[in-house]
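Please read the following report alongside the sequence and the coordinates. It takes up strand pairing, the overall fold and the charged side chains in turn.

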Amino acid sequence: TSPDGRTLVFSALGKLWKKELPDGKPKRVTTQNTDFEFEPAFAPNGKLLTYVSWNDSSYGQVHILDLISGETTALTQEKGIYRTPSFNNAGTHIVYRKEPRNTDQGLAFGKTPGIYTIAARGGEAKLVTQEGEYPQFTVDDKRIFLQTGGTYFGSLTKKLISVNLEGDDKRTHVQSKYANRLVPSPDNKWIAYTNL
């Protein structure tokens with residue numbers, strides 16, 4: 001959902017769509033037809049969108065889309081399996097996960113999986129930590145929240161942790177035996193979760 005609560009962007013049939021709330025007609029967000037598009041997230045100003053793409057031949061990328069001009073830019077230069085990008089609150093950086101190789105999406109281009117940051121204008125990606133998934137900046141942009149223990153599979157105990165922007169000073173905020181997904185609120189005062 002856009003920061004002003006007026007627009008919903010979602011992935012369906014492998015493409016990104018937008019819909020004005022509450023009852024607008026869905027329209028394609030991008031015009032390319034070669035790659036699948038997933039996991040969109042708005043910038044705080046509501047004018048930019050980040051998302052990941054997938055193509056069986058060229059693998060995945062993290063993109064940034066200018067919703068005003070319609071221009072799309074690939075931020076990542078290295079082939080890989082990318083997931084769950086999100087902006088920091090200043091709108092200057094994006095954090096995302098690079099997954100390890102797997103038998104479903106391929107065994108190549110899986111070196112150095114982990115949590116990365118990259119400037120929203122592009123540049124060199126920075127590895128923060130090889131631990132965790134679902135990265136999200138804290139409200140002050142000084143730390144990154146991560147979930148450990150997997151989601152449905154993995155460890156019985158799931159944790160919401162955070163690290164600083166260098167991947168150090170690890171802190172555990174929430175630990176649960178029965179939660180599958182731990183999601184901090186935008187103001188970092190609450191936690192939403194699915195139980196069992």
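In this predicted model, Phe38 stands opposite Val52, a residue of S5. The strands concerned are S4 and S5 (residues 48-54), which pair in the antiparallel sense over 5 bridges. They belong to an open sheet of 4 strands, ordered S4-S5-S6-S7, in which the pairing is antiparallel. At its edges lie strand S4 (36-42) and strand S7 (72-74), each of which pairs on one side only, and from one strand to the next the twist averages 30°.

The secondary structure of the protein as a whole comes to 17 strands and 0 helices. Its C-alpha trace spans about 40 × 40 × 30 Å along the principal axes, and the radius of gyration of 17 Å agrees with the value near 16 Å that a compact globule of 196 residues would have. Of these 196 residues, 41% count as buried, while the protein exposes about 11,100 Å², with carbon and sulfur atoms supplying 52% of that area. Among contacts between residues at least 6 apart in sequence, 30% join residues at least 24 apart.

| Side chains in the salt bridge | Distance, N to O |
|---|---|
| Arg97 and Glu99 | 3.3 Å |
| Arg97 and Glu133 | 3.7 Å |
| Lys126 and Glu166 | 2.9 Å |

The salt bridge between Arg97 and Glu133 links distant parts of the chain, since Arg97 lies in strand S9 (residues 93-99) and Glu133 in strand S12 (residues 133-137), 36 residues apart.

Salt bridges that share partners join Glu39, Arg83, Arg97, Glu99 and Glu133 into one network.

Leu127 has its place in strand S11 (residues 126-129) and is partly exposed, with a relative accessible area of 34%. Leaving aside neighbours within four places in sequence, Leu127 is in contact with Thr112, Pro113, Gly114, Ile115 and Tyr116.

Note on methods: Residues are numbered from 1 along each chain as its sequence is written. This is a predicted model: local features need pLDDT of at least 70, side-chain atom pairs count only at pLDDT 80 or more; totals for chains, interfaces and linings use all residues. Side-chain values use heavy atoms; hydrogens and water are left out. Helices (H or I, at least four residues) and strands (E, at least two) are DSSP runs, numbered from the N terminus. Buried means under 20% relative accessible area, exposed over 50%, partly exposed in between (1.4 Å probe, protein chains only). Contact means heavy atoms within 4.5 Å. Two strands pair if DSSP finds at least two bridges between them. Axes are lines fitted to C-alpha atoms, for helices over the stretch in contact, and angles run from 0 to 180 degrees between N-to-C directions. The radius of gyration is taken over C-alpha atoms; the globule rule is 2.2 Å times the number of residues to the power 0.38. Accessible areas come from the Shrake-Rupley method with a 1.4 Å probe; for residues, only the protein chains shown count as cover. A salt bridge is a side-chain nitrogen of Lys or Arg within 4 Å of a carboxyl oxygen of Asp or Glu.
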